[in-house]
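Dear colleague,

Please find below the structure that I am handing over to you. My notes on it follow directly after.

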Amino acid sequence: MTTQTPNLQHSPAWRALQEHYGEMANVGMREFFAEDKQRFEHLSLQFKDILLDYSKNRVTAKTLELLRDLAEQADVPAWIERMFNGASINSTEQRSVLHVALRHRGSGSFEAEGNDVMPEVREVLQKMRDFSDAVRSGEWRGYTDDRITDVVNIGIGGSDLGPVMVTQALRPFTAEQPRVHFVSNVDESQISDVLTQLDPRTTLFIIVSKSFTTPETRINANTAREWILRSAPGAEVLANHVVAVTNNVSAAREYGIDPQNVFPMWDWVGGRYSLWSAVGLSIALSIGMDNFESMLHGAYEMDEHFRSAPLHENLPVTLALLGIWYVNFFSCQTQAVLPYDQRLHRLPAYLQQADMESNGKSVDRQGRPVDYATGPVIFGEPGINGQHAFYQLIHQGTPLIPVDMIVPIESFPTVPQHHHMLVASAFAQAEALMRGKNEAEVREELEAAGMPEEDQAKLLPYKVFNGNRPSNMLVYKALTPATLGRLIALYEHKIFVQGVIWNINSFDQWGVELGKQLANQILPELDDNKKVTSHDSSTNGLINYYKKSRK
């Protein structure tokens, strides 16, 4: 593998792109489409049932060639192989990054620290199947011999966002029972709102925490335990009502969970990549293990595409390079993800963690501060809702905000009148972002409406759209488990490629630790009436105001 260029901005590929940006900065996409009547055919890719149209981007064939040169310079193909081969690419924690092993459907092995992890992965998948089948069939019952009707997943971050997103996305595949609920926030209102709907005799809790020490999860788990035991004859009933997904079996046992009811996690799975593991137990209980494994298979197919497709045909690499182009050369600080599929309404929140926790870094793999932008701010909502909220900023605001629009050809069920309007809106927004509306078009429109010339002059500046705003369109047949697996894996790999090019570690998250440490210091200070003076004046003032007001 070649040596990483010490300063990315001084590398040959980067300098070539910087020079090319000077040529491209003021070129409009209208010109591209006028010059190339087959631009859609030239700038679109398809894998399985997912079509990526990236023709509405401020790129030419030369742009794409230079971006691929940048990927080659950063050794992207070699880094892909390193990940799949189990190398310790999470360098600050000396860990392999093998979420791809969790959904591997072939016969090959995946090694971490010299050990093949696939036997353990398959063993856990079988345990998930046995357990989810037992609960869904009614074989697994509560301590009063009542059937389990509700499951509550208690976790936070990757132990919550992925399962929430997937269960919402695949609701058409969900059984009537058990109903699945999620608790992540330490704010007592969330768990209270969930528990008031439920009966402890028919409720099963899944406590999800790799360390089993996550403060928010432990507090919520303790509340759930107390809730069960208030109506139970003794602590032994927990065996019927609580299971854990963790790497800390002894802590789960201390809590009162039978070791037989513990599903293992591994160090080589990061939380934001863990829905494919036993962290997805709530998903399996919701949609059934066959559908869960279909989702794994879809992700595996995208993994194989990512690993084998040349850069110019590679969907994750293409999305990653377009993102680099806008973040580093157009100085875009944000990226919008806009699903035109209500069932994907939690996808933007999921991708916020996946992207910003991965690439929100300012130090490179050699421990040096970076002098270029990394990790855009990810935001989004279902597209139709966004059109009546923040699209105004995307169309006419001062920042340039690239967008991904995600559109199904069919829904469950498809009501033609509804679905045609949905799809028409998505396609129209992308066209409007690209074309805009110039002065001549606005004048013609106002004249046709019979507006006096004096009024036209006043209104004209407000109705001009500069256009030239980039968008990617991801179109898929229908949101099946396999399609969702492909879509999630597509974004995972896109994020990884960007991290490789930025020369950062996409798999640690040290930035979240300081707040946790300080919270542990402040927590005991809230338990008495003593005045606190050990922090800065603002923090002291807030703590003391809180304590005084709570009296």
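Lys56 counts as buried, with a relative accessibility of 16%; buried means under 20% relative accessible area, exposed over 50%, and partly exposed in between (1.4 Å probe, protein chains only). Asp53 is also buried, at 9%, and its side chain meets that of Lys56 in a salt bridge (4.0 Å, N to O). A salt bridge here is a side-chain nitrogen of Lys or Arg within 4 Å of a carboxyl oxygen of Asp or Glu.

This is a predicted model, in which local features need pLDDT of at least 70 and side-chain atom pairs count only at pLDDT 80 or more, while totals for chains, interfaces and linings use all residues. Residues are numbered from 1 along each chain as its sequence is written, and side-chain values use heavy atoms, with hydrogens and water left out.

The search of the whole structure gives 24 salt bridges. In one of them, Asp150 pairs with Arg179, the closest N and O atoms being 2.9 Å apart. Asp150 lies in strand E5 (residues 150–154) and Arg179 in strand E6 (residues 179–183), so the pair ties together parts that are 29 residues apart in sequence. Strands (E, at least two residues) and helices (H or I, at least four) are DSSP runs, numbered from the N terminus. Asp150 is buried at 3% relative accessibility, whereas Arg179 is partly exposed at 41%.

Glu454 and Lys458 also meet in a salt bridge (4.0 Å, N to O). Both are exposed, and they stand four residues apart in helix H21 (residues 453–463), separated by about one helical turn. Finally, a network of salt bridges links Lys48, Asp49, Glu301 and Arg486.

Yours sincerely
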